[in-house]
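Biologist: I'd like to learn how to read a model like this one. Could you put it up and take me through a few features?

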Amino acid sequence: MSIANPSPLWQPTEERIAQAQVTKFQAWAAEHHGAPSDGDYAALHRWSVDELDTFWQAVTEWFDVRFSTPYARVLGDRSMPGAEWFPGATLNYAEHALRAAETRADEPALLYVDETHEPTPVTWSELRRQVGSLAAELRALGVRPGDRVSGYLPNIPQAVVALLATAAVGGVWTSCAPDFGARSVLDRFQQVEPVVLFTVDGYRYGGKEHDRRDTVAELRRELPTLRAVVHIPLLGTEAPEGALEWSALTSADVEPVFEPVPFDHPLWVLYSSGTTGLPKAIVQSQGGILVEHLKQLGLHCDLGPDDRFFWFTSTGWMMWNFLVSGLLTGTTIVLYDGSPGYPDTGAQWRIAERTGATLFGTSAAYVMACHKAGVHPSRDFDLARVRCVATTGSPLPPDGFRWLHDEVREDLWIASVSGGTDVCSCFAGAVPTLPVYIGELQAPGLGTDLQSWDPSGKPLTDEVGELVVTNPMPSMPIRFWNDPDGSRYHDSYFDTYPGVWRHGDWITVTSRGSVIIHGRSDSTLNRQGVRMGSADIYEAVERLPEIKESLVIGIEQPDGGYWMPLFVHLAPGAVLDEALLNRIKQTIREQLSPRHVPDEVIEVPGVPHTLTGKRIEVPVKRLLQGASLEKAVNVGSVDNVELLRFYEELARKRA
């Protein structure tokens, strides 16, 4: 619920408002496209959703999007799912990402930082040269438009080069971070059948080396569609037999050739968390990502050639793809490969200082960890260049806003943003010309008709409802892989309100136009900003003979923390002793990732199900959040209501 008239925590100066790209865009769009010339962001936003075609045309003109062939119209079909953007147009994402090489050849495009925290630059001309060389080699390997190219890579410059070279040839990129176990990677890559795999021999994290050669060997065995494997010797080992050397593929000095592809040609595949089985393989388009990210990074994040853009992320999270798109605005992007808290909790602030980051993005969980650890960023680091700290992954709690304001700088733009892997962008968040209120996202994004709805589809103001988007966004999935009739895509977002995107978050849209996110309205787990599903955990844990069945729940805490308990129903005769506890955690750590390891393992008398045999996750989550049994679940749909009383009692004890 919003407070009637709170004071803003931060207000942009008149000079800052005047200099913002979104202000200049509005004046230009008023002159050329009939946007409101007087009026604030709210008026521009209203125009952008009411005149959707005109708005997106204006975005392509403002950012000088180069169409190899022109479009017939902006929106051929606006129905959801299935909106058709810029029919007839062809272009190439990688061409736009490398454009700054034409005017700023010797300036850094990338700053690469490992756990030594010493930045290593890669210039625009060098990035372009490597992409040109690798794109030519991919073509020589037979990679054609539409072929899938995969990366099992940390956040290193080679990953950016591989993505851009793949896009240049019209291939479809997909990646996982090397802390993912083989099963997690195969659940993703086997769906899309890659023809090339880029791999490292291992990675460094928390001051230790982690050898991944055995995992890479397993991936090679289990991906029969591979024509080539490319070895990147991050730990200095020899290439395994039959693998190609990265250095040999990127040594030539050739101009990149950019394949013109249709606007809706696939750019990459991202993956959902896999709550109800295999992760959904989400396909987004070259053109849709290009224009959405130009809008989001250029107008909302206010990024340009003078900026340094650092977001702590891994290649397994959509924020990595979003970070790479910083290149579209001519921004220098900062790639950090390592632990977010090594050698100490202040690590990310040190990287922001050493790279001269102007926009520093991190997770709400990291901000709260710094708060609890007594980190003093402005005292210990020179953060004069940081004008914005952005957070995502989970809602930034009010204490997080206050801490950033007090401990970084009073004149700090704090941008809590919220979006999703599903659109690889933000629904709401950063607006450089609006005030920041504690605990709130500044506003919905341009072109995004974000609303809060009640169960009957009635819009709500100052009340909690479902996050919905009532018009198409260019970066919405063009489809899911292996979903020939589109039913899985439809059921994921459009089964609740026909023709309207329902995202699965509880939100409040305030009467001031700001947005408050309350967490998931479904059972998706969201730890440290990385969404993941319960199905992976069940599969791993229930291979242990002592575990009859399990249930995992993730709960947002009022202090910004996140509690993820694993409930286990033991087989007859089994005991949850220290040895079994350690084996459960070790299984999850090795087969999935360290992020999946639960905070607590709790023995339960049984796992409740629906009458059709599905585990009941959302009602248990509601019980643990303090809801009464009657409000948490329809008792007529449960196989054993008595089992739910255990969780109700546990919530009472914890409270």
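Biologist: At what angle do helix H8 and helix H9 pack, and how far apart are their axes?

Modeller: A word on the source: this is a predicted model, where local features need pLDDT of at least 70 and side-chain atom pairs count only at pLDDT 80 or more, while totals for chains, interfaces and linings use all residues. Residues are numbered from 1 along each chain as its sequence is written, and side-chain values use heavy atoms, with hydrogens and water left out. Helices (H or I, at least four residues) and strands (E, at least two) are DSSP runs, numbered from the N terminus. Axes are lines fitted to C-alpha atoms, for helices over the stretch in contact, and angles run from 0 to 180 degrees between N-to-C directions. Here, H8 (residues 182-192) and H9 (residues 213-222) pack at about 30 degrees, with axes 10 Å apart.

Biologist: Which word describes how H8 and H9 lie to each other?

Modeller: Angles under 35 degrees count as roughly parallel, over 145 as roughly antiparallel, 65 to 115 as roughly perpendicular and the rest as oblique. H8 and H9 are therefore roughly parallel. Contact means heavy atoms within 4.5 Å. On the H8 side it is made by Ala182, Val185, Leu186 and Gln190, and on the H9 side by Thr215, Glu218, Leu219 and Glu222. Those residues split into 4 nonpolar, 2 polar and 2 charged, taking Ala, Val, Leu, Ile, Met, Phe, Trp, Tyr, Cys and Pro as nonpolar, Asp, Glu, Lys and Arg as charged, and the others, Gly among them, as polar.

Biologist: And how do helix H6 and helix H7 cross?

Modeller: The axes of H6 (residues 124-140) and H7 (residues 157-168) come within 8 Å and cross at roughly 55 degrees. That makes H6 oblique to H7. From H6, residues including Leu127, Val131 and Leu134 meet residues of H7, among them Val160, Val161 and Leu164. The contact of H6 with H7 divides into 11 nonpolar, 2 polar and 1 charged.

Biologist: On to sheets. In what order do E21, E22 and E23 sit?

Modeller: Two strands pair if DSSP finds at least two bridges between them. These 3 strands form an open sheet in the order E21-E22-E23, with antiparallel pairing. At the edges are E21 (418-420) and E23 (443-444), each pairing on one side only. E21 is joined to E22 (residues 425-429) by 3 bridges, and Ser418 stands opposite Ala428 in E22.

Biologist: What is the pairing in the sheet E31-E34-E35?

Modeller: Mixed, and that sheet of 3 strands is open too. E31 (547-552) and E35 (600-603) are its edge strands, and the twist averages 25 degrees from one strand to the next. E31 and E34 (residues 565-570) run antiparallel, joined by 5 bridges; Ser550 stands opposite Val568 in E34.

Biologist: Which helices lie across E31, E34 and E35?

Modeller: H19 (residues 578-591) does, running at about 120 degrees to E34. H22 (residues 641-654) lies across those strands as well, at about 130 degrees to E35.

Biologist: Last one: how many salt bridges are there?

Modeller: Side chains of opposite charge can pair when their charged atoms come close. A salt bridge is a side-chain nitrogen of Lys or Arg within 4 Å of a carboxyl oxygen of Asp or Glu. By this rule the count is 28. One of them links Arg46 with Asp50, whose closest N and O atoms are 3.2 Å apart. Arg46 and Asp50 are 4 residues apart in helix H3 (residues 41-50), so about one helical turn separates them.
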